[in-house]
Amino acid sequence: MTGNRITHRTADGVRIPGTWRHAFIRNGGHYFLTDLFIYADGLVDCWGLVTLEEFEEKLRTGWVATSFPEGGEASAHELADWKFNEPESWITPELLVAEVRDSIDQLNGRPDSTGRCLAAVDTFLADRSETNRAAARAAFLAVPESQRRYALGDMDRKDWPLRVLVAGPGGRTYLPSDQAVTRKDYDNALAYFEERARWLTERATSVPADGPATPHAPALQLYHSYPSKPVADPGKIALRHDYPAPITVADTDYPSAAHAYWALSAAEPETRHAIAAAKNGAAARTLATRAPRREGWEDARTAVMTHLLRAKYDQHPDLAEILLATHDATLIYDDANSAFWGDNAGRGRNWAGRLLELVRSELRMRQAGILDT
């Protein structure tokens, strides 16, 4: 059940998506509350990466624990120690393995046990034969019991319509506390699924109020480059702030947007002149880091960079065309010297890329004649 618990690991330079959940590891007779990491390639990290088959063995041997002895010692690292008193576990090894398998399916975009169950129910509703009902019931019971109550995503009804539907009139559900299914119960369950189908159809065909939530163009990585002079066809290198595209800002000329940014960051006018004359953007940055900064610079820097990028693409229409040609792609900007400006493999804030997207949107607005004055 991945939910919002999203993580990843990197293997041979490839990002492997994953999720995590709480679990107990029994080591040396002591129980440790820790995180169990599950990855799309089927590996599970339970204090060491193992295959799914090896994970099942870890459960059989009790390394990953699902039951706890009275008086057993436990701890959560650097948080607390305690002893179990009348422990009650809500999960079994079989349930945990089933939930992990579901997580792997979800991470790979495949139907998990709940998805397979709902597909079998749809088949039954289209052809209400007892054979199809039996298949739907088997698929429903294959959903880990801990997840059946949430299969429909309906916190009010929970799984009541499902268990009634697959049991049928006069049948019994998997819950011993349920009475035999009456005809009225069954008809209500059928009505529920008819309404659910109508609602799902409406949701699938609904049009977003304000366009798509995600870009249609693939993300574009703006890798490090160290251009020393303009080239005839720079491509996406031109989108780097240190690309040598001279700009004029407040009657001052700068060899690039990076030069202007670092020069404006300096507190002393003499230093600004030296930075503006630096041989490239990297040299400008080096000079700036050795000099005192303007007061309030950190709070103003995103506005400054936005202003400089507007100047760059206003004063260089050819470069503006390169930026516009990225359409609505997410722009991922690398900056080894700044976790603020760079994305840096997901560890940075990517403000450089985000501001490029903003300026691109402004260019598109002008191109479309929106808000012309």
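User: Which residue of β3 is the bridge partner of Phe24?

Analyst: Two strands count as paired if DSSP finds at least two bridges between them. Strands here are DSSP runs of E with at least two residues, helices are runs of H or I with at least four, and both are numbered from the N terminus. In this case Phe24 has Leu33 of β3 as its bridge partner. Ten bridges link β2 (residues 14-27) to β3 in the antiparallel sense. The model is a predicted one, in which local features need pLDDT of at least 70 and side-chain atom pairs count only at pLDDT 80 or more, while totals for chains, interfaces and linings use all residues. Residues are numbered from 1 along each chain as its sequence is written, and side-chain values use heavy atoms, with hydrogens and water left out.

User: What other strands does β3 pair with, and in which sense, parallel or antiparallel?

Analyst: β3 and β7 (residues 73-76) run parallel and are joined by three bridges; Tyr31 has Ala74 of β7 as its partner. With β4 (residues 44-45), β3 runs antiparallel over two bridges, and there Ile38 stands opposite Val44.

User: Where do positive phi values occur in the hairpins of β3?

Analyst: The hairpin of β2 and β3 has two residues between the strands, and Gly28 takes a positive phi near 65°. The hairpin of β3 and β4 has four residues between the strands, with Gly42 at a positive phi near 90°.

User: Which residues other than glycine have a positive phi?

Analyst: Glu86 is one of them, with phi near 50°, and Asp251 is another, at about 65°. Glu86 sits in the loop between β8 (80-83) and α2 (93-107), whereas Asp251 belongs to the loop between β10 and β11 (252-254).

User: Are these two residues buried or exposed?

Analyst: Buried means under 20% relative accessible area, exposed over 50%, and partly exposed lies in between, using a 1.4 Å probe and protein chains only. Glu86 counts as exposed because its relative accessibility is 67%. Asp251 is exposed too, at 80%. By contrast, β3 (residues 30-39) is mostly covered, with seven of its ten residues buried.

User: How is the length of a helix checked, and what does α7 show?

Analyst: The expected span is 1.5 Å times one less than the number of residues. Helix α7 (residues 183-205) has 23 residues, so it should span 33 Å, and its end C-alpha atoms are 33 Å apart, which agrees. Its buried residues are Tyr186, Ala189, Leu190, Tyr192, Phe193 and Arg196. Contact means heavy atoms within 4.5 Å. The cover over these buried residues includes α3 (113-126), α4 (130-142) and α6 (160-167).

User: What does the side chain of Ser113 make a polar contact with?

Analyst: A polar contact is a pair of N or O atoms within 3.5 Å; within protein, one must be able to donate a hydrogen and the other to accept it, and residues adjacent in sequence count only if both atoms are side-chain atoms. Ser113, in helix α3, pairs in this way with the side chain of Asp102 at 2.7 Å. Ser113 is buried, with 4% relative accessible area. Leaving aside neighbours within four places in sequence, Ser113 is also in contact with Ala139, Ala142, Val143 and Pro144, among others.
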